[in-house]
Amino acid sequence: VYFFDLFSQTGTQQYLLSKDKVSNQDLNTAWTLNIISKFAVSLVIFFSSPILASFFEAELKQTLSVCALMPIIIGLENPAINLAKREFNYKRIFKLQLLAKLTAFTITISIAIYSPSHWAMIIGTIFYFLILTSGSFFIISYKPKFSVKNAKKQWSYSQWIFLRGFVGYGRAKGDSFILAKFFSLNEVGIFSIAKELAMLVYEQIAMPIGEIIITSIQKVQNDKQEIQEIIEKYATILISVLLPIITILALFSEEIILFLLGSKWLEAAPLLSVFTILGITSSITIVFTATLNALKETKRAFQIDLMTTAIILGTLALAIIIKTSLLEFAILRSLLGFLVLFAYIASLKSITGISMPNLISNVGPTIIANISMYAVLLLLIQLSPALNLGLPILYTLIGGVSYIVALLMSLHFHP
């Protein structure tokens, strides 16, 4: 479903956020393009469901037919919600997203308890998108109309975002496809679940900040100094929030896996610790990708993604050929995340002249505070090394307090 959805990624949100001024025609065109593309994808999913069910030798026809509703529901969302984002008015958006997530969670768990099956996830997801789409018309009063007047102008910007979607999908899922040829289904599952858990920080924290960065830079896109300050500010904020979370994930990977998935998945714990590296590099990269989108450098972003993805997948394929272990493969995949990060930094430096010494200096207090927290947590773990679900919660609270105290002290002495 998500692969097919790539064909409907018209980049309307990034386009509306990056524009100096947004007209009703822009909103109407964005909405129309979304509906047309999402509807087409829904039809493809619906009519290909028998073929896919046969290919995977599973009872997927009915499942995919219902899933075909998702793109249509998403495409109907009120485009004017991006106007609120342009004005940094996220209060109502946050409430709507919270309502959607809590409702979907409640529905999913309720169905899973009373009738355990994959339908719990599907029905919960459909309700999530229904609430987001219908709610977007309640929090923003704008009523969109069908129009393709500005389609050509919008496509010149978003065509590269469309192509990046396929490259990004290849980079995100390519490692699993490579593994599937040489490892068991069980090992591929362990690899995938560990990676997905580690990447939650990217999806739930970094990606929403990316929208704010696009809007912030759009307002000062002709001032290099202002752009540099925005990049440094949001990179610092992101690292300050994510670094302690990533550290806790790495240190308590066994307890987290045990709590969320049960003892059968404990083999995923070492991989989760490793993938926290990928989680942090991917999250920091979002600062630079969002900046390129705001500066309308979508083609350059596509070129970077294409180049780095080719190198990453080629390197992983070579690693498989020389018969690396699953853990070694995960370590290599995580370290290759730095390649993407450094490529974006180099590109932004040539455009904006961003100063790496300044950026490193800004995150200095965060790094010092995180080292302090890490030392405290290691000491606590050594005092009670036994696997216990209660202790990590207590240790996390103590570690969080030590992080905040150390951060405040570091900021006080930071020039």
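Are Asp26 and Lys19 buried or exposed? Asp26 is buried, and so is Lys19, where buried stands for under 20% relative accessible area, exposed for over 50% and partly exposed for anything in between (1.4 Å probe, protein chains only). The model is a predicted one, so local features need pLDDT of at least 70 and side-chain atom pairs count only at pLDDT 80 or more, while totals for chains, interfaces and linings use all residues. Residues are numbered from 1 along each chain as its sequence is written, and side-chain values rest on heavy atoms, with hydrogens and water left out.

On to the overall build. The protein chain has 19 helices and zero strands; these are DSSP runs, H or I of at least four residues for helices and E of at least two for strands, numbered from the N terminus. Its C-alpha atoms fill a box of roughly 65 × 55 × 45 Å along the principal axes. The radius of gyration is 22 Å, which agrees with the value near 22 Å for a compact globule of 415 residues; that radius is taken over C-alpha atoms, and the globule rule is 2.2 Å times the number of residues to the power 0.38. Of the 415 residues, 49% count as buried. Contacts are heavy atoms within 4.5 Å, and among those with a separation of 6 or more, 82% come from residues 24 or more positions apart. The chain exposes about 21100 Å², with carbon and sulfur atoms supplying 70% of it; accessible areas come from the Shrake-Rupley method with a 1.4 Å probe, and for residues only the protein chains shown count as cover.

Next come the charged pairs. Side chains of opposite charge can pair when their charged atoms come close. With a salt bridge taken as a side-chain nitrogen of Lys or Arg within 4 Å of a carboxyl oxygen of Asp or Glu, the count comes to seven. One of them joins the side chains of Asp26 and Lys19, at 2.8 Å from N to O. Another links Asp305 with Arg164, whose closest N and O atoms are 2.8 Å apart. Asp305 sits in helix H15 and Arg164 in helix H9, so this pair ties together parts that are 141 residues apart in sequence. Asp305 counts as buried because its relative accessibility is 3%, and Arg164 is buried too, at 16%. A further salt bridge brings Arg300 and Glu297 together at 3.6 Å, N to O. Here Arg300 is partly exposed at 29% relative accessibility, as is Glu297 at 27%. Salt bridges with shared partners also join Arg164, Arg171 and Asp305 into one network.

At the surface, Ile277, Leu327, Ile331, Leu335, Phe338 and Phe342 form a nonpolar patch with about 490 Å² of accessible area together. Helices H16 (326–335) and H17 (337–352) each give two or more residues to this patch, and H16 supplies the largest share, three residues. Patch members have over 30% relative accessible area and no salt bridge, with nonpolar side chains (Val, Leu, Ile, Met, Phe, Trp, Tyr) joined within 5 Å and like charges within 9 Å. Ile277 lies in helix H14 (residues 269–294) and counts as partly exposed, at 32% relative accessibility.
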